[in-house]
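Biologist: Could you walk me through reading a few features here? I'd like the general idea, then the actual case.

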Amino acid sequence: MTKKPMVVRLLVLLVVGSVCLALGGCMTPAPTTDEVTITIEGSGGASSPQAAVTPAEKAYHSATEFYRVRELGKAIENFERARELDPGYVEPLYGLGRIYLVDTQEFEKALEMYELARDLALDDPYSHSSLAYAYFVMGRYQESVDTYVEAVQLNPDDADAFLNLGYAYEKMQMHLGAIEAYRRAQELMPDDTRASQSLAHLYYRAGIYDQAIAAYEKVRIRGSASAYTLSTLGFLYMKIGNLDRAETLFLAVLQQTPGDVTARANLAGVYRDKGDYGKTVEQYELLLQERPDDVSYLLALADAYNEAGQYASAIITAKHVLGLRAGSGSAYIAWAKALEKQGNYEGAIAKLEQAKSDPEWRSHAILEIERQHQLIEIREQKEARDRWNQG
């Protein structure tokens, strides 16, 4: 059936509307109506005659307008009417498939519509990619992969089809296929960061940090990096030991979102790894302003106090932890470390004995007790030598 130019434009509107709705809905409210009329203007000048449309096209146009105003029942009725009037008219099948897939979630009906559309338009890549997406939504990932492959064979320059093929490969844990699909999508749409973002996530999960960094940097350079992306990139730089770069990225995240506890905790880790315990303490203290009773941050702060030589503060923090979590072996160990740093090995042993009651820390506490006894022996030997030297 020959389609008028306006028909094609209306189909595009329907597809765009589908994307908007999938992302949360961007349809504008419209008054309820029992009848929708559409005027089809000619494509020529002001004196051009009105373009003729077939009854099937009129029904299709009415369906798209009913869909626009969210009258799904009447949209379905008119799409079906268009199909009856012209069984070879493929656009109504896309409209019905979209309603059943996204709006009413009648997946089997949606699949039937998209399969019929594919059969009517075997040489149209869009018919294959639409069906592939329906398979994906239904969790039929192998069929989704197979059908996306058909789509990209028909149109090797369809970036979105390659991107979606990558998603389907990932669902099947076929990571090499996903990487190749994402790379092709990246080549076809270099200014779109979705493929780079997907590649970065894939490399990150696989532990291929250098490739993940390269992909995340492409996203960052294009100015579309979210705070999450910047924070993840900072973490990756930590993993490869580039602490200065990690610090810069975490500071950038915190400048945008000061309440980002993950970025701040990672920044504290950067300073700890750099041996800058004063800044480590500062970051954990800021974190605890947001989460004053977070035991993991309190314990990290106690350790930072010990490394910074603030032993009294370390003991106060360990006591705070014990008030929140009685019998915490890690709190007693932090307390023991503060006492050891001050040369009070006997006091450290007493705290380590209490740490032994915590099964998670029992083995560590026993080893530390043995080490404290060795420190006491070394101290006694030194004192004996000093007395001997003095006469």
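Biologist: Which residues of α18 are buried?

Modeller: This is a predicted model, so every value here is computed from predicted coordinates. The general idea is a cut-off: a residue is buried when its relative accessible area is under 20%. In α18 that picks out Gly329, Ser330, Ala331, Tyr332, Ile333, Ala334, Trp335, Ala336, Ala338, Leu339 and Glu340.

Biologist: Where does the charged end of Lys351 sit?

Modeller: Over the ring of Trp335, 3.8 Å from the ring centre. Trp335 is one of the buried residues of α18. There's another case with Arg70, whose charged end sits over the ring of Tyr67 at 5.0 Å from its centre.

Biologist: Leu367 is in helix α20. Is Leu367 buried or exposed?

Modeller: Exposed, because its relative accessibility is 57% and the cut-off is over 50%. As for its place in the fold, Leu367 and Leu352 are 15 residues apart in sequence, with their C-alphas 9.6 Å apart in space.

Biologist: Now the rings. How many aromatic pairs does the structure hold?

Modeller: Seven. To read one, take the distance between ring centres, then the angle between planes. For Tyr60 and Phe79 the centres are 5.8 Å apart and the planes are at 50 degrees, so that pair is tilted. The pair links distant parts of the chain, with Tyr60 in helix α2 (residues 55-68) and Phe79 in helix α3 (residues 72-85), 19 residues apart. Tyr60 is buried at 0% relative accessible area, and Phe79 also counts as buried, at 0%.

Biologist: What about Tyr94 and Tyr126?

Modeller: Their centres are 4.7 Å apart and their planes are at 75 degrees, so this one is edge-to-face. Tyr94 belongs to helix α4 (residues 91-103) and Tyr126 to helix α6 (residues 125-137), so the pair ties together parts 32 residues apart in sequence. Tyr94 is buried at 4%, whereas Tyr126 is partly exposed at 32%.

Biologist: Which residues form one aromatic cluster with Tyr60?

Modeller: Phe79 and Tyr89.

Conventions. Residues are numbered from 1 along each chain as its sequence is written. This is a predicted model: local features need pLDDT of at least 70, side-chain atom pairs count only at pLDDT 80 or more; totals for chains, interfaces and linings use all residues. Side-chain values use heavy atoms; hydrogens and water are left out. Buried means under 20% relative accessible area, exposed over 50%, partly exposed in between (1.4 Å probe, protein chains only). Helices (H or I, at least four residues) and strands (E, at least two) are DSSP runs, numbered from the N terminus. Rings of Phe, Tyr and Trp (its six-membered ring) pair if their centres lie within 6.5 Å; planes under 30 degrees apart count as stacked, over 60 as edge-to-face and the rest as tilted. A charge sits over a ring if NZ of Lys or CZ of Arg is within 6 Å of the ring centre and within 35 degrees of the ring normal.
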